[in-house]
Amino acid sequence: MEVMQVLHMNKGEGETSYAKNSTAQREIISIANSIVEEAVVGILCTNFPESLGVADLGCSSGPNTFIISSEIIDIVHATSCRLGRPIPELRVSLNDLPGNDFNCIFKALPEFYKKLKEEKGGGFDRCFVSGVPGSFYGRLFPSKSLHFVHSSSSLHWLSQVPKGLDSNEGIPLNKGKLYLSETSPVRVVEAYLSQFYKDFSLFLKSRAEEMVPGGRMVLSFMAPPPPPPPPPPQLRHRPTTITATTMTTTTTPPSSSPPPCRRRHHHHN
Ligand SMILES: C[S@@+](CC[C@H](N)C(=O)[O-])C[C@H]1O[C@@H](n2cnc3c(N)ncnc32)[C@H](O)[C@@H]1O
């Protein structure tokens, strides 16, 4: 059976559920807050769309699922007010693998909409949240339908077990582990790297089709810090840091003048 069909975070809200065990990932989301804000404000200030397409890839199910959507909605609300523009229609797509607990997300939606209207008023009755089951290592959305793509703590999941983890004699090289560690031999590191390269290229190719020109993407994940010069003889495990990358789709030349508005101050708990 395909890895993609069986993988999912622990469902529900029990002690071992992802919902109860995702504080580290929540921290990563909050560290990337200001980068998300800069990206969304940049989109609105460059070419204010009537309908804004947003996707969170690898949304999982639990408290983190709605954090990023709420944050984006806050930014859209504040920026629209500042620019004196009506709030754009919002199409928010929550994506994960088909085994994800989408039921849990859908059940939480009425409360999400209710809170939105109470906190932000009538302008947000044109916010449409949908679930999109499928792998982000392939097409998920219609062409040029997305303005902003977000993904946090998800892109380190590979699409399949890398090839080449066994010796020529069929002996496992990674000592029975299913991740990279300090003791993983170089061949294993290379096998993971090669699979990541293939997967990430496909990810970028797919998003390039789905995003509008000038759309932006924020991807954050745990990563080792850049190697200090001179580079070490072999890849070692160093203390983990958080990396957030922002990318802009530029199939048309970007405007030469800077966006007309400043970044808003952001408050979070
Ligand atoms: C550690 S969770 C992160 C969830 C959430 N973004 C957060 O920050 O708490 C990783 C999520 O990525 C999803 N995922 C892994 N590979 C995926 C793929 N190829 N396509 C879509 N989602 C994927 C997993 O199912 C899982 O829900």
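Start by selecting residues 63–83 and 102–120: these are helices α4 and α5, which pack with their axes 12 Å apart and at an angle of about 25°. That angle makes α4 roughly parallel to α5, since anything under 35 degrees counts as such. Keep in mind as you click around that this is a predicted model.

Stay on the pair and look at how the helices cross: the crossing of α4 and α5 is right-handed. Now show side chains.

Next stop, the ligand. Select its surroundings and 23 residues come up, with Q25, G58, S60, N64 and W157 the closest. Two elements give two or more residues to this shell: α2 (23–31) and β2 (89–96). Coloured by class, the shell around the ligand shows 13 polar residues, nine nonpolar and one charged.

Most residues other than glycine have a negative phi. Go to K144, in the loop between β3 (127–133) and β4 (146–152): its phi is positive, about 45°, and it isn't a glycine. Is K144 buried, exposed or partly exposed? It counts as partly exposed, because it has 15 C-beta neighbours inside 10 Å.

Then hop to S153, in the loop between β4 and α6 (186–210). S153 is another non-glycine with a positive phi, about 55°. S153 is buried, because 21 other C-beta atoms lie within 10 Å and the cut-off is 20 or more.

Terms used:
Residues numbered from 1 in each chain as written. Predicted model: local features only at pLDDT ≥ 70, side-chain atom pairs only at ≥ 80, totals over all residues. Axes fitted to C-alpha atoms, helices over the stretch in contact; angles between N-to-C directions. Helix = DSSP H or I, 4+ residues; strand = E, 2+ residues; numbered from the N terminus. Parallel < 35°, antiparallel > 145°, perpendicular 65-115°, else oblique. Left-handed = near helix turned anticlockwise from the far one by under 90°. Near = placed C-beta within 6 Å. Nonpolar A, V, L, I, M, F, W, Y, C, P; charged D, E, K, R; others polar. Buried ≥ 20, exposed ≤ 12 C-beta atoms within 10 Å, placed from the backbone.
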